[in-house]
Amino acid sequence: MATKNGGFRGGSFKPSSATNHKSSSFKSKPPVRRTASLGGAAKDVSDAPGRVRVAVRLRPKNAEESITDADYADCVELQPELKRLKLRKNNWDSDTYEFDELLTEFSSQKRVYEVVAKPVVESVLDGYNGTVLAYGQTGTGKTFTLGELGEEDISDRGIMVRSMEDILADICLDTDSVFVSYIQLYMETIQDLLNPANDNIPITEDPRTGEVSLPGATVVEIRDQNSFLDLLRLGEAHRFAANTKLNTESSRSHAILMIQVKRSVGGGEPSSSEDENQSVKNCDPPIVRKGKLVVVDLAGSERVHKSGSEGHTLEEAKAINLSLTALGKCINALAENSPHVPVRDSKLTRLLRDSFGGSARTSLVVTIGPSPRHRGETTSTILFGQRAMKVENMLRIKEEFDYKSLSKRLEVQLDKLIAEGERRQKAFDDEVRKISLEAENHVSEVERKFSNELEKERTKCQMDYLESIKKLEEKWIMNQQNQQKNGFSNGPCDREERNVPLSEEVAEIKKLLQNEIQLRKTAEEEAKKLKNQLSQLTSSEGGGTAEFVRLHQMLEDEAYEKKKLQDEITSLQSQLLQLTFEGDQMRKYIERLESGNGSRPQSLTSPSRHSQNKDRENGPKSSFNSLFEQVGLQRILSMLESEDANTRIHAVKIVANLAAEG
Ligand SMILES: Nc1ncnc2c1ncn2[C@@H]1O[C@H](COP(=O)(O)OP(=O)(O)OP(=O)(O)O)[C@@H](O)[C@H]1O
């Protein structure tokens, strides 16, 4: 095959490297391998060589060309099956170039997307950076290839629209996100196509990674295709307005669409609420892949003199083309493995640093027209594509730990735990309040019952005492009467009548005392139980509350009351003993009286009773009467009702003595 300019024949732009790479498909995807570093950010180990892929697209003849070039053959001939392009120099000579793909004038937009952009979009979805560029002379179809919205004919949708369709179809909007910026670069000024007022956006570079970004550009999150189309329309309108200002229909600016895709790829993502808790314990941050697709619609690549012929000054035309020239120089340097690549010569090359010689997967479509009148421009475009094919990138996956989303997740979990803790604390407080109230009610109920019982018991005791005294009085009177009637010679039957009721009385009092002791015991047990409940409550609350202190105080008061009652019981018991003893004495005395030589029991001797001994010699009645007169029945009764135990004991003793004397 006859080739002169580069072609297969050696020279600096010979496409041998393209031929060498023929076996690797244009659609091939880099392998995805990764490890996470111990230091935090996920580190990629998936660097894989990836040459810049270049496709040539031939625009069909337009109406004008169909007339003016009717008599001339097209300047190019495409052999897509051989992936070769013949550039005619004249009727008998041509140069042949080989490209990764050749897209004829009949190639559909769908086919162009699938061949040029789809593999790049797939890489972006896997976490790589990707670039799709269109380079060519004005009017050769760059914007049609990339930015056509397909509003009149849906099949005309260009690469930008189709890329976003594929991205939105592949991601999960719950966990992934897509952000878009749209800018244009005109005469070394970056303008925001989504907000024209923002017309001088600076470029910033990460000093560590060298990654460039445009923090001043508008960033819009995309969640559906329609909102994306609206953004493209807005950007297109602003770009058109800028061109109109320049009094030209052709694009004098480079339009750059940036699509950032952030995908969550698991690693610490909980699948259920249980796993969620586990994940919190592990604190595994989720891993995110950040792929960026950059679609660049370059300005027309025609030579300076042509730009000038369209009404611009030479300097202005030079400035317009400065960035394209710089891009060409960088690509030359990279293609020739030059140690210096002049990336910093223009903003365009700074922005495309990652696309040529960087870590992005890059696909270039060079657009050409068929007209032989533009052979020179077409040749220059083809040679640009040939050089670009020699540029090797080192594809690198962009994957990192998403600490931000981990922290968000932990915050949500923390909020949940705090709410749960508060709910439990409230339930616990309510329960403690309920138990305290119940205990309080119980204690007051027991107190009330206890004091009622106590009161009853007291009344009963008093009544019993009074009853006993009354009975003793009656018996004494009866006894006196009998003695008067029968002298002191009563038979054994009378003695029985006098003695038996007294022992019954004693037994009854004993029984009463037993009952009272039993009641005290029950009350004591109840109080003990309450004390236990209160101490349990106190310990479950982790400290005494004022309420518990109050209950405790009440219990102590209760214990004091009980002690007092206990003393009373002891006192009553001693009274009982005294009564029993007195009863025995009296019985003995009566027996002696009956036998005729009665003498007063020694144990009953007391200073107060010495005077009575005399009276006794005059008979029991006079002795009783004298004592009765001394003390008085009402006084004895009031002494028996006295609060003071000793007074009561004394009263009982008096009564017993009286009874004994009777
Ligand atoms: N493959 C194609 N099939 C049909 N029409 C096309 C094709 N390519 C381009 N056109 C048409 O050619 C005209 C010029 O195309 P376009 O504006 O895309 O060129 P351009 O390279 O972007 O120009 P500029 O550099 O001036 O912006 C448009 O009317 C477009 O519709």
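A residue is called buried if 20 or more other C-beta atoms lie within 10 Å of its own, exposed if 12 or fewer do, and partly exposed in between, with C-beta atoms placed from the backbone. The views below show a predicted model, in which local features need pLDDT of at least 70 and side-chain atom pairs count only at pLDDT 80 or more, while totals for chains, interfaces and linings use all residues. Residues are numbered from 1 along each chain as its sequence is written.

**View 1. The loop residue M187 between β10 and β11.** M187 is partly exposed because 14 other C-beta atoms lie within 10 Å. The loop that holds M187 runs between β10 (177-186) and β11 (189-192), where strands (E, at least two residues) are DSSP runs numbered from the N terminus. Although M187 is not a glycine, its phi is positive, at about 45°. Most residues other than glycine have a negative phi.

**View 2. The loop residue K83 between β5 and β6.** K83 belongs to the loop that links β5 (76-79) with β6 (84-88), and its phi is positive at about 55°, although K83 is not a glycine. With 19 C-beta neighbours inside 10 Å, K83 counts as partly exposed.

**View 3. The hairpin of β6 and β7.** Strands β6 and β7 run antiparallel and are joined by five bridges, where pairing requires that DSSP finds at least two bridges between two strands. Five residues lie between β6 and β7 in this hairpin, and K86 stands opposite T96 of β7. Strand β7 (residues 94-98) is largely enclosed by the rest of the structure, because four of its five residues are buried.
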